[in-house]
Amino acid sequence: MFYPSLRLVVVLIVAVMLVQINGQTNNTQMQPQLWASDLFYRALANFTVRNIGSTACRKQSEMYDRNLRNHTNWAVRMAESWTRHPNGFLSGNTFHMGFYDECIDIHHPVKGQYCLSEIKLIPSAENTISHNEVHNRNNIGSYYAWQNVLGWINYPDQIPRNVLNLGICIPASCSSSDLQKTLQNELDKVFLPEQINTVVKIDPILCTVKEDMYPYSIAFHITSAILVVLIFLCCVITIYQYTNISCRKDTPKKTNDIHSVLYSFSFIESGKDLLKYDKNNELNLINGIKLLTMMFILLGHRFMYLGGNPMTNVKIVENMYINGPDILLTCMNLVDPFFFMSGYLIYITITPVFQKSGPIWMKIVYPIIYRVVRMLPTYCMIMAITANIIPHLGDGPLWPQNTWKEAELCKNYWWTNVLFISNFFDSKYQCLLVSWYLSCDIQFFIIGVITVCVYTKNEKYGKYLIGILIGVSLFLPFVITYVRKIDGILKVDLPFLNNPRGSTVFNQTYREPYLRAIPFIFGLAMGFIGQKLKESKFKFSQITVYAGSILITLVCVCIQLLGAEFYKYDRLYSPIEHALYATLSHCTWTTIGAWITICHLTTGYGLLSKIFTNRLCVILGRLSYSVFLINLPLMQMSQSSQRQPTYLSAKTLLELSIFDSFKCYLMSLILYMVVEGPFGNLTKHLFGRRKKDISSNTIELPIEQVICIDISKENSSKL
């Protein structure tokens, strides 16, 4: 009686096995018979631009075809300068750039032209490859390799496996549209029968030849002439001053006003300003903090350029979003220490102005104008070089796309930088990516001057005003983030690395002054508090200083690292969480800075203070402004010149960061000696004519902002 039941069970098992086998067979049948690399080779083995484009394009393509069959040297060089068999799809190796120089070095009888194409693979409507479980942060891969390509889901923490950037060498007489049409036709012949659609896109700006294709405008010649004249003027005046010193004709008593103004352009005077050092100046610590902060900023910027440009070993970036280091994911508020120090130093340097007699409006306007005038020469020079000089200084597959676009932005929107309102415009119209900081700094400076004015005239009202500013600066980030339902952190994900200007958070919250004011306002408040602490002669024990510093740093860093939780793609969005983090993240470095300020002013850090207040830190700290302006253009030039994808690793990042730091400080030294130093001294002379109307001390105001402030002995004595 059990036999019928047994037979039924056997039949059911066999049926299930047949269904599974049939399903696997059908799934296998959905897969192309060849792998992607082989399909590309089949389509591109004998590829050239055929039967399309201008007459010259057709003739040169036929000539190339004919000579390639005869193995003529120039034709073979064109053919072998790019690959027909791309590989590494599953590893995220999306860039196959070939040999750029081999292509563009061909001049006769056909001029070589290098084009970087983008090819995207997507399944056709008939192809039913599932997207389920294709993306897995811990283990990218499904049973069938094709599913990892055609079933790819775009996530911000993964390099797409279905996109190929292929460098191709064609005759220069053929246009990018000619190549795009031909390439699309050839790929369709091979991929469409396999139920795969290919989408070919070629940006005309990514088709380059050997010659410099960026036009030489009048602005280029004017900028070049200004640079040459400045260097020549500095050299001549330096020789003149050195001659007078050698002949002992130049003494402080004999130096008249004309010579003093003339010597502003002397390397000797600029060198004196750069190298001066007062070991008893308690504000030297700020230069050490500036230097340390700037080194971390350079490291972060180098990582951004490495991660946003062609690279191999993409796993290291993808794993970073899983395993860290989390500090790289949450460090986009690293300029907050600069805002904090700026607020603190404004109180110290502006207070003496309002303690003197004179019109209030003049005391408010004068420091603002002075600061703007001190900033503009170096700022404008960097903008002019970016717009007119840099596009002619290199080449490479990505050079036009990166440097030309930045040049056009500076040509069209330089005025937003000069007026310090660039942070109120969409970042896609922003000349120099760091200009938002300078705009915020000037806007904060105006608020700071007014606040100090109120405080010095009426301490009670000043305290009320600073309290209101603190409350507003804490309230606005929370409310705006909550109401807009946006991220409370600027995520350093792959879309941001590829195009920072396209980030919604970067545009809406990262650059807005009313959302970045927390560190500045707290720094301003610390100026008031620091003065009271010094007057009361309050002191901590050394144990309290070091234990408190360690504890506060650990707590603040832990809060900072909590932002890494928002990178988890399966984490539900919580407006409250993001609003809280948007507020607290700007309090982390601020709290550390406030504690260090209190400890340094009251007690000191002993040997640790000497490490950050030595002569070298002070000198390098004075170069921070030039380094801040010049580091991104230098890194962009370096990365835009790359011919092959960079192998990204911790070692590569560290080595390139060290090289970048050396290069940035060397170039900033030149910029300081030729532009920043001379015009800074000239501005002092210009504004010194009015010192009788306001105060003899006003000419010793900080140069332009905290990242370039020159803490002199006179400023220190104002405390």
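User: What makes residues in the lining of the second largest cavity nonpolar, polar or charged?

Analyst: They are sorted by residue type: Ala, Val, Leu, Ile, Met, Phe, Trp, Tyr, Cys and Pro count as nonpolar, Asp, Glu, Lys and Arg as charged, and the others, Gly among them, as polar. On that basis this lining divides into ten nonpolar, seven polar and two charged residues. Keep in mind that the model is predicted, with local features needing pLDDT of at least 70, side-chain atom pairs counting only at pLDDT 80 or more, and totals for chains, interfaces and linings using all residues. Residues are numbered from 1 along each chain as its sequence is written, and side-chain values use heavy atoms, with hydrogens and water left out.

User: Which residues lie nearest the centre of the second largest cavity?

Analyst: Gly488, Ile489, Leu490, Ser585 and His586, out of 19 lining residues. A cavity is a set of points on a 1 Å grid over the protein atoms alone where a 1.4 Å probe fits but cannot get out, and lining residues have an atom within 4 Å of a point. Helix H23 (575-602) gives the most to this lining, with four residues; helices here are DSSP runs (H or I, at least four residues), numbered from the N terminus.

User: And how is the lining of the largest cavity made up by class?

Analyst: That one has 20 nonpolar, two polar and no charged residues. Ile297, His301, Met304, Met332 and Tyr510 lie nearest its centre, and H11 gives the most to the lining, with six residues.

User: Why is Asn681 called buried?

Analyst: Buried means under 20% relative accessible area, with a 1.4 Å probe and protein chains only (exposed is over 50%, partly exposed in between). Asn681 has 11% relative accessibility, so Asn681 counts as buried.

User: Where is Asn681, and which residues is Asn681 in contact with?

Analyst: Asn681 sits in helix H27 (residues 650-688). Leaving aside neighbours within four places in sequence, Asn681 is in contact (heavy atoms within 4.5 Å) with Ser264, Glu269, Ser270 and Asp273.

User: What makes the link between Asn681 and Asp273 a polar contact?

Analyst: A polar contact is a pair of N or O atoms within 3.5 Å; within protein, one must be able to donate a hydrogen and the other to accept it, and residues adjacent in sequence count only if both atoms are side-chain atoms. The side chains of Asn681 and Asp273 are joined at 3.0 Å, and this is a polar contact.

Conventions. On a 1 Å grid over the protein atoms alone, a cavity is a set of points where a 1.4 Å probe fits but cannot get out, and a pocket is an open set with protein on both sides within 12 Å along at least five of seven lines; lining residues have an atom within 4 Å of a point. Helices (H or I, at least four residues) and strands (E, at least two) are DSSP runs, numbered from the N terminus.
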